[in-house]
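Here are some notes from going through the model with helix packing in mind. Have the coordinates open while you read.

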Amino acid sequence: PRIFERRQTHRVRSEFDGAFEILIGHEGGHVDHPNDPGGETKFGISKRSYPDVNIARLTLEDAKAIYRADYWDRVKADELPSELRFLLFDGAVNAGVAQSIKWLQRAVGVRDDGVIGPITLAAIAESNPHQIASNFLGQRLKHMTDLKHWDQFGRGWARRIADNLTNV
C-alpha cells in the first residue's frame, strides 16, 4: 500500500519493485512439501503452475519477471488505487488471478466474473479504497478458511492476510 514508493540514490523504484520485495518476504525459497497442491515451489513459483520452468534453478530475477507479467499486470495493478495494488497482487499470487479479482468484485458489489473491466473499475472509482481493501481481505480470509488445506496451511495464510491488514 502506501509503503511501496521509495527513492534510492539515483532512481525512483517502481511500486511493483516494492510490492515484489514484500511479496518475496511471504514466499520462501526452494520447497517441495508433499501436501502443497502447488508441488515443488521456489520464490512462490510452483511447478504445477509453471511445468516448463526448472524450479530448482529459478533465479530471483526470473521470478520477478513472472510476477510482473503473470500477476501484477493481469490484475491491472497500475490502474488501481494504491491502497489496492499490493492486495490484489498478493491475492493473485496466493490463490490465482481470477480468484483475487473475484474477491475484489465481491468487495465492491459487482458480478464476480474474475475479469477487471469497465464495470469493476467504475465501482472501484466510486468507492472508498480503504473500505474496499477491508472487504477484499474479509472475502479472502472467508474463502481460505473453506479450503481443504486450511488445517495445514491456514496459520500461514491468516498471518499473511493479517500482515496485509496492518498496511491498509
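1. The axes of α3 and α4 come within 7 Å of each other and cross at roughly 135°. The hand of the crossing, as α3 passes α4, is right-handed. On the α3 side the contact is made by L84, L87, L88, G91, A92 and A95, and α4 answers with V97, Q99, S100, I101, W103 and L104.

2. Before going further, a word on confidence. This is a predicted model, with a mean pLDDT of 87 for the protein chain and 91% of its residues at 70 or more. The stretch to watch is residues 1-12, where pLDDT is below 50. Beyond near neighbours in sequence, that stretch still has 26 contacts in the model, and I'd ask you to keep the pLDDT in mind when reading them.

3. Now the largest nonpolar core. It has 42 residues, and Y67, Y71 and F89 are the ones that touch the most other members. Which helices supply at least two residues each? They are α1 (15-26), α2 (60-72), α3 (82-95), α4 (97-108), α5 (118-125), α6 (129-145) and α7 (150-166). The largest share, seven residues, comes from α3. As background, nonpolar side chains tend to be buried together in soluble globular proteins.

4. Setting aside neighbours within four places in sequence, Y71 is in contact with Y50, I66, F89, A92, V93 and V97. Two of those names came up in point 1: A92 on the α3 side and V97 on the α4 side of that helix contact.

5. Next, I24, which sits in helix α1. I24 and L60 are 36 residues apart in sequence, yet their C-alpha atoms are 9.2 Å apart in space. Not counting residues up to four places away, I24 touches F43, L60 and Y67. Y67 is also among the residues that touch the most other members of the core.

6. L137, R140, L141, M144 and T145 in α6 meet W150, W157, R160, I161, N164 and L165 in α7.

7. What do the buried residues of α7 pack against? Those residues are F153, G154, W157, R160, I161 and N164, and they pack against α1, α3 and α6.

Note on methods:
Residues numbered from 1 in each chain as written. Predicted model: local features only at pLDDT ≥ 70, side-chain atom pairs only at ≥ 80, totals over all residues. Heavy atoms only, no water. pLDDT = per-residue confidence, 0-100. Contact = heavy atoms within 4.5 Å. Core = buried A, V, L, I, M, F, W, Y, C linked by side-chain atoms within 4.5 Å. Buried < 20%, exposed > 50% of the residue type's maximum accessible area, 1.4 Å probe, protein only. Helix = DSSP H or I, 4+ residues; strand = E, 2+ residues; numbered from the N terminus. Axes fitted to C-alpha atoms, helices over the stretch in contact; angles between N-to-C directions. Left-handed = near helix turned anticlockwise from the far one by under 90°.
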